[in-house]
Amino acid sequence: MRIFDSSQSKCSSGGCASDDAAPSAHRLGTTRRSFLRKGAAAIGGMAALVGALSPLRDLDETDLGSIEKFVQKHYKEMSPSEMQAALDRISREVDKRYQIRPDLKDIRPMDGVEFVYALNLSRCIGCRKCVYACVEENNQSRDPQIQYIRVVEMPRGTLDVEKGNHHYDRPTVPDGEHYYMPVQCHQCAKPPCVKVCPVEATWQEPDGITVIDYDWCIGCRYCEAACPYWARRFNFAEPKIASEDINPRMGYLSNRPRHKGVMEKCHFCLHRTRVGELPACLEICPTGARKFGNVLDPQSEVSQILKSKRVFVLKEEAGTLPRFFYYFDERYPRSGGAQEAPADVEGAGA
Amino acid sequence: MKNYATFLWRCFRLSFVGDWRYQMWMLTLTAIALIGLNAYCRQLVYGLATTGMTDQVSWGLYIANFTFLVGMAAAAVMLVIPVYIYRNKELHDLVIFGELAAVSFIIMCLLFVVVDLGRPDRMHHLFLRFNFPLSMLTWDVIVLNGYLLLNLHICGYLIYCAYRKREPRKALFVVPFVLIAIVWAVSIHTVTAFLYVGLGARPFWNSAIIAPRFLASAFAAGPAFIILTLQVIGRFTSYAVPQKALMTLRQIVLVALTINVFLLLSEVFTEFYADTGHSASTHYLFFGIGNDRALVPWIWTSMGMTAVALLILYLPLARSLRYLNIACVLIIVGIWIEKGMGLIVPAFIPTPIGEIVEYRPTINEILVCLGIWAAGILLFTISVRITIPVLSGRLTIDRPYTMDPSPAGAEFTRVDVFGSERSTS
């Protein structure tokens, strides 16, 4: 059987339907019939195409990119006036969407500053207050809720975060049987997420914070696959935040509202920390388990902790050189003796 | 230029010509492609939340299909290697079909990547800031598009020359490109493997054996696809499939599948015997962790299919086309599972910090995948539909196919890529 390669094919004067030797083939009569048939087929095809495309009617206004958005440059390439134009555009969008005129700034890193985070495992009680303070500070989507911090309840006898429970739900914490390990972006000095991004939408700033240009990200999620700390989040749907929940104090590279289809993650609250304030997760912490500061300043609290406490990083073997350290209360004895330092589970309550 | 436009117009017209079975086939494919387009439009509006992907399992069916199809595209052209090395005459005219298949597969690959993007509207950012050579994804962009252009050139040039009744200048415009395409075929699959292998965060992928395994499995699934396709083409067109070619392909499949199974077993041994903390994903894939065992039936189906196919191929009964075809179908499906659900998804389970979230594709996501498959097969059908009359001299510049009845029993002209002249068999 030959479907389309008939040994005999012939054409009526106008149309071109093949007249196969196959008994089942159609024999077309006049030009007009052929024309009508083709016309009907073309109309049917167009109708089907329009039908297929019909969901696009529901596209949100913000999805229909403007020329302004389309030509907006990469963060690093914008001149001051271009940045101002972008800030104005974003402010207008936020105003329109949430009826709030935001205080949106592009805050640059400070000279001579490299931020690190230190988290005291002896103190953390697993209350997850940091998780929600972060969501409120950073204008994360509430539905579906995006959280940058994941607190893992750790069983005794291990420091391996993979053995922990992510979904513990207790009336009170701590329960005396576990300790708690909050995980968020570790702001690595050798960040695999930055290396893999095909469009340089994410990069490491001079103060050590890895940031994302939400207007540049193409949403391939390669960085999400590359992160050994599962620190990155993707906007699978358009973020939903009630107007009254919007934090109007915004940074271009930090907590301005995002759209669907882009990555986001912890940025050490850079709109706060770059002007000398502390991250929201630290401020809310009821036990003082969280410490933050400039590691280049030998007098800073974090520098002192790194020098004197028993510090470790998560998944050191991943080789990403995190700027997020975990430590226990115990100090190293001055002599450098080999005193054991058990995790002080009970002493966590404050 | 005008001639070329006429050529394209005639090709376009020709793609609508065929008997009722052809029309039904094309209509069905078009309908499925449109349903897929519809599903994709929904995804555009509501975001990737319409898929089963999550922050935990952030790549799913799209990337799985992409990975599988890169292999198919690579293998279709790597068929040329035996032609070149062994001077195997039977395979010579298969090259053109291999290249046509490669073009369709690559276009499907690119579509699968595009539908996976959260912001397809920003694709032009690739031209503005291209993180080359650091990001393996940029390497993939280069090799995939380069491969597409190479194969488009080779097919397009040969077909257009036949249409113009010119002798193709093979030494200049064909052979060097075919040779480059062969090396390039290896590169597209290697680079795609490196995309995963390079991630230290995912122990399941961070294994040097993945790239060789990719090549081996592609060399099995690709020729298996060509074996089936050639028979379909032989059945429905004037092109007579040389039986010897099918048997040569069978041997390629046999060797490649054997190597693939060997590499797979090496990997399984390493994971389960050492049984380190890094084997969690493999455990999940083969046996599940706790009550989470969504992939277990998939991988064992794949294992079973591969085992049966291997058995058939090693027995003399694979010389019968019916059994060979069964083996080919088992191989294609088995490798599709192994490289899709079996390679992409488990790397995300558990997450790097130990959370287990399973992946279940949604209907919308499946429809998008089916749509892309239908569009790709549609494209391949059209390209074969045009190529055969042109290469057999029934559609030329002075003879529009549809206006002029061809002489009965027109023979297909062998396209001898490496030979100096075209010979009619």
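Is D121(B) buried, exposed or partly exposed? I looked it up: D121(B) is partly exposed, with a relative accessible area of 38% (buried means under 20%, exposed over 50%, partly exposed in between, with a 1.4 Å probe and protein chains only).

Housekeeping before I go on. This is a predicted model, where local features need pLDDT of at least 70 and side-chain atom pairs count only at pLDDT 80 or more, while totals for chains, interfaces and linings use all residues. Residues are numbered from 1 along each chain as its sequence is written, chains are lettered from A and ligands numbered from 1 in the order written, and side-chain values use heavy atoms, with hydrogens and water left out.

**Salt bridges**

I then checked the partner of D121(B): R119(B) makes a salt bridge with D121(B), closest N and O atoms 3.0 Å apart (the cut-off is a side-chain nitrogen of Lys or Arg within 4 Å of a carboxyl oxygen of Asp or Glu). R119(B) is buried, at 6% relative accessible area. I also found one network in which salt bridges with shared partners join K69(A), R89(A), E93(A), D213(A), D215(A), R256(A) and R122(B).

Searching the whole structure gave me 38 salt bridges over all chains. One of them is E114(A) with R323(A), at 2.7 Å between the closest N and O atoms. E114(A) sits in the loop between β1 (103-105) and β2 (115-120) of chain A, and R323(A) in the loop between β11 (309-312) and β12 (324-331), so the pair ties together parts 209 residues apart in sequence (strands are DSSP E runs of at least two residues, helices H or I runs of at least four, numbered from the N terminus). E114(A) is partly exposed at 22%, whereas R323(A) is buried at 9%.

I looked at E264(A) and R258(A) too, whose closest N and O atoms are 2.6 Å apart. E264(A) is buried at 0%, and R258(A) is buried at 2%.

**Chain A against chain B**

I get 70 residues of chain A in contact with 74 of chain B (heavy atoms within 4.5 Å). Five salt bridges run between the two chains. E77(A) and R129(B) meet in a salt bridge at 2.7 Å, N to O.

**Confidence**

Chain A averages a pLDDT of 87, and 87% of the residues score at least 70 (pLDDT is the predictor's confidence in each residue, from 0 to 100). I noted that pLDDT stays under 50 over residues 4-29 of chain A. Residues 335-350 of chain A are also below 50.
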